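We will go stop by stop.

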Amino acid sequence: MQSDFPIIANPYQVLAKRLGISPEQLLSKIDKLKQKKTIRRIGAVASAAHLGYKSMLIAARIKPEAVEKIAEFINSFENVTHNYLRKAEYNLWFTFSAKTNKQINSFIAQLKGMNGVEEVMALPATQTFKIKAEFKF
Amino acid sequence: MNKLTELQKNVLNFLQQDIPVKEHPYAEIARQNKVDEKTIVNQIKVLKKTGYIRRFGAILAHHKIGLKANCMCVWIVPESKIKKIADRAKKMAQISHCYLRKTTKKWPYNFYTMIHGQTKKQCIEVIEFLAKTAEVTDYRMLFTEKQFKKSSPFYSV
């Protein structure tokens with residue numbers, strides 16, 4: 001289901017057949033995996049570039065006591081899909097997607113003005129070699 | 001970029017959410033757009049073929065499937081070795097993302113790899129193997145200490 005999801009009106013029937021189970025059994029298994037949040041969702045990952053979006057990796061140096069609060073502020077933006085704490089002088093790493101550099105820059109300016117934010121750097125990709133989100137397990 | 005039809009835009013916005021777990025997941029969107037399911041399916045195929053859809057299917061939470069250690073490894077790779085290390089990284093299943101990025105005065109790392117493993121040790125082994133085979137010695141491993149947010153992007157069209 002991660003990489004070979006049939007594009008057809010009744011995909012679950014096709015998948016059930018492939019797995020040798022009934023469509024009802026498959027649907028109930030999928031429901032369970034979604035309840036457990038093993039499957040985050042079923043759908044499409046759109047190409048940001050095709051739709052005119054730029055995705056920026058941003059690293060920030062935040063005072064440890066302010067990290068939770070700043071992370072919460074950053075997360076409140078829909079443009080942010082990933083936000084991680086890492087052990088480095090720049091401790092908060094996240095991505096911000098927008099259609100224009102202006103939007104990205106104005107977000108960065110806003111962030112820089114917040115208490116506890118010591119430094120922010122934008123790290124645009126100059127070349128993408130690989131984006132893969134399927135996992136073997 | 002805006003060569004998409006209204007129907008294609010609606011399909012793309014719909015698919016970026018969570019499609020229904022039903023025998024006919026496109027019945028509702030077809031009805032809303034006053035077309036049949038086959039038309040929706042054909043549009044999905046077109047969007048995939050033209051690259052608007054990068055991937056289609058189930059999106060899993062990697063920490064739920066045992067990949068509990070996640071590492072961003074940043075590297076200082078000289079120009080002459082970029083192709084070599086990128087080619088190797090691309091072939092490694094444990095590496096999901098690989099980019100070249102702009103550097104700053106304080107941050108000289110130009111090459112980025114995201115590594116996923118069951119344990120930190122596994123990630124370190126992958127990184128050390130890549131370092132050895134690509135003959136790059138300058139790198140830093142930034143493990144994920146905490147995940148504040150991880151969601152699917154939604155690009156409204």
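Two strands pair if DSSP finds at least two bridges between them. Helices (H or I, at least four residues) and strands (E, at least two) are DSSP runs, numbered from the N terminus. This is a predicted model, where local features need pLDDT of at least 70, side-chain atom pairs count only at pLDDT 80 or more, and totals for chains, interfaces and linings use all residues. Residues are numbered from 1 along each chain as its sequence is written, while chains are lettered from A and ligands numbered from 1 in the order in which they are written.

**Stop 1: the sheet.** Select residues 54-62 and 92-98 of chain A. These are β2(A) and β4(A), paired in the antiparallel sense over 7 bridges. Find Met56(A); opposite it, in β4(A), stands Phe96(A).

Now widen the view. Both strands belong to an open sheet of 9 strands with antiparallel pairing, in the order β5(A)-β2(A)-β4(A)-β3(A)-β5(B)-β2(B)-β4(B)-β3(B)-β6(A). Select 117-123 and 125-131 of chain A: β5 and β6 stand at the edges with a single partner strand each, so one side of each has no neighbour in the sheet. On average, neighbouring strands are turned by 25° against each other, direction ignored. Such angles are taken between axes, which are lines fitted to C-alpha atoms, for helices over the stretch in contact; they run from 0 to 180 degrees between N-to-C directions.

**Stop 2: two helices.** Select 11-19 and 23-35 of chain A. Helices α1 and α2 pack here at an angle of about 100°, with axes 8 Å apart. That makes α1(A) roughly perpendicular to α2(A) (65 to 115 degrees). Among the residues that meet are Leu15(A) in α1(A) and Leu26(A) in α2(A).

**Stop 3: between the chains.** How many residues of chain B are in contact with chain A? There are 64, and they touch 61 residues of chain A. Contact means C-beta atoms, placed from the backbone, within 7 Å. The largest share of chain B's side, 9 residues, comes from β5(B). Next, select 39-46 of chain A. This strand, β1, is joined to β1(B) by 7 bridges, and the two run antiparallel. Gly43(A) stands opposite Gly57(B).

**Stop 4: a contact set.** Finish on Met72(B). Leaving aside neighbours within four places in sequence, Met72(B) is in contact with Arg86(A) and Trp93(A) from chain A, and with Tyr112(B), Met114(B) and Leu142(B) from chain B.

Methods. Two residues are in contact if their C-beta atoms, placed from the backbone, lie within 7 Å. Angles under 35 degrees count as roughly parallel, over 145 as roughly antiparallel, 65 to 115 as roughly perpendicular and the rest as oblique.
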